[in-house]
Amino acid sequence: MIKTCRHVALLLTISAPLSAEDLHNNVFPPASPAANRTLQSTPLVDSSATVVSDPSDMQIELPPIDASVLKAAEQQATSVAPQQIQIKPGINELMPIAVGHLNRLVTPFDNPVVTTTSQATTSTKGKIVYVATADETPVTLYITPGDNQDIALSLTLIPKRIPAREIHLSLDKDSYKVLTQLQQQAKTASSAKAADQEQEYISHLKKTFRDLGLQKTPAGFSLRDPSHGESIRCLQNQVQIKTGQVLEGQDMLILVGIVRNTGSAAIEFDERSCATTQAEVLAVAAWPKVVLGANESTELYVVVRRQAEQASTLRPSLLTRSVP
């Protein structure tokens with residue numbers, strides 16, 4: 001009993017002066033500077049790792065790369081693919097182009113017309129609009145389908161130091177419907193205009209032949225004798241043709257001749273036989289009759305397209321002769 005009490009008293013005596021702070025400090029004592037230097041200078045070595053003394057002993061095999069992969073990578077790095085842009089009419093679209101190079105805009109219009117006040121050079125070929133600019137000033141332009149102003153693409157091109165661009169412009173479904181209607185109307189109007197021009201041309205030829213039949217010189221023509229090589233040739237048997245007059249107009253010549261039936265029986269003169277001899281024959285007419293009896297004659301008018309070099313005449317210079 002006496003021994004037990006001594007042990008308890010000894011424990012109380014030892015633990016009494018220790019506070020909570022002293023206990024904490026005793027459990028985690030601060031390390032000395034020398035110890036810190038020792039820890040910092042001591043490297044950590046993984047015992048499971050293998051130490052390689054010579055880098056040449058490391059042998060790494062890389063998998064082979066197919067040549068087509070390298071070629072595709074080079075093409076992607078050196079080529080610029082065309083850009084697809086959907087544009088809504090009435091909304092200005094900004095897009096970069098190359099400065100100092102020719103840029104190509106593929107439009108949805110059959111006959112695009114470019115309107116701009118920029119100094120950039122523009123030209124059209126079919127559906128394509130080519131744009132080139134020499135400086136970095138933005139280029140604003142409008143592209144319309146022909147002369148129709150109901151639909152227009154508004155573009156602001158930003159020149160940059162990049163390769164030449166090809167940009168494909170497209171429209172939304174509603175705009176495409178409007179464009180289709182406009183282009184169909186334009187084609188119909190163009191066909192009607194061409195038909196009117198053809199009818200007007202035929203009417204003009206008929207009036208010219210009527211004046212010739214009435215022994216008049218048509219307006220815009222001058223009468224002269226035929227030169228060498230200006231003669232009427234027709235592929236029909238039993239007829240004789242003599243060319244006697246030439247009426248010279250701005251873009252056409254009218255050869256006037258006499259057709260005589262050299263046979264013993266009546267024949268019908270075929271005007272088409274004169275049109276097949278020359279590619280430049282525009283019209284043929286016989287007056288006053290087409291059916292010719294034996295030894296009968298009639299006048300023949302053949303309209304020939306005038307060559308471009310023949311349409312211009314030389315003007316004598318005043319310097320070659322004395323002026324009063």
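Start with the largest pocket, which has a volume of about 280 Å³. On a 1 Å grid over the protein atoms alone, a pocket is an open set of points where a 1.4 Å probe fits, with protein on both sides within 12 Å along at least five of seven lines, and lining residues have an atom within 4 Å of a point. Grid points are joined across faces, edges and corners, and the volume is the space filled by probe spheres set on them.

A word on what you are viewing: this is a predicted model, in which local features need pLDDT of at least 70 and side-chain atom pairs count only at pLDDT 80 or more, while totals for chains, interfaces and linings use all residues. Residues are numbered from 1 along each chain as its sequence is written, and side-chain values use heavy atoms, with hydrogens and water left out.

Now select D110, N111, V113, P145, G146, D147, N148, L182, Q183, A186, K187 and S190, the lining of the largest pocket. By class this lining has 4 nonpolar, 5 polar and 3 charged residues (Ala, Val, Leu, Ile, Met, Phe, Trp, Tyr, Cys and Pro count as nonpolar, Asp, Glu, Lys and Arg as charged, and the others, Gly among them, as polar). Which element gives the most to it? That is α5, with 5 residues.

Next, colour the sheet. Its 5 strands lie in the order β10-β11-β12-β16-β14, forming an open sheet with antiparallel pairing. β10 (222-224) and β14 (281-287) are the edges, each with a single partner strand, so one side of each has no neighbour in the sheet. Helices (H or I, at least four residues) and strands (E, at least two) are DSSP runs, numbered from the N terminus; two strands pair if DSSP finds at least two bridges between them.

Walk across from β10:

- β10 and β11 run antiparallel, joined by 3 bridges; look for S222 opposite E248 in β11.
- β11 pairs with β12 over 9 bridges, and a hairpin of 3 residues joins the two. V239 faces N261 in β12.
- β12 (residues 252-261) and β16 (residues 297-305) pair over 9 bridges. Here L255 stands opposite V302 in β16.

Now bring back helix α5 (residues 173-213), which packs on the sheet and touches β11 (239-248), β12, β14 and β16 (contact means heavy atoms within 4.5 Å).

Finish with F209 and Y301. The structure holds 1 aromatic pair, where ring centres must lie within 6.5 Å, and planes under 30 degrees apart count as stacked, over 60 as edge-to-face and the rest as tilted. The rings of F209 and Y301 have centres 6.2 Å apart and planes at 20 degrees, so the pair is stacked. F209 sits in helix α5 and Y301 in strand β16, 92 residues apart.

Methods
Axes are lines fitted to C-alpha atoms, for helices over the stretch in contact, and angles run from 0 to 180 degrees between N-to-C directions. Rings of Phe, Tyr and Trp (its six-membered ring) pair if their centres lie within 6.5 Å; planes under 30 degrees apart count as stacked, over 60 as edge-to-face and the rest as tilted.
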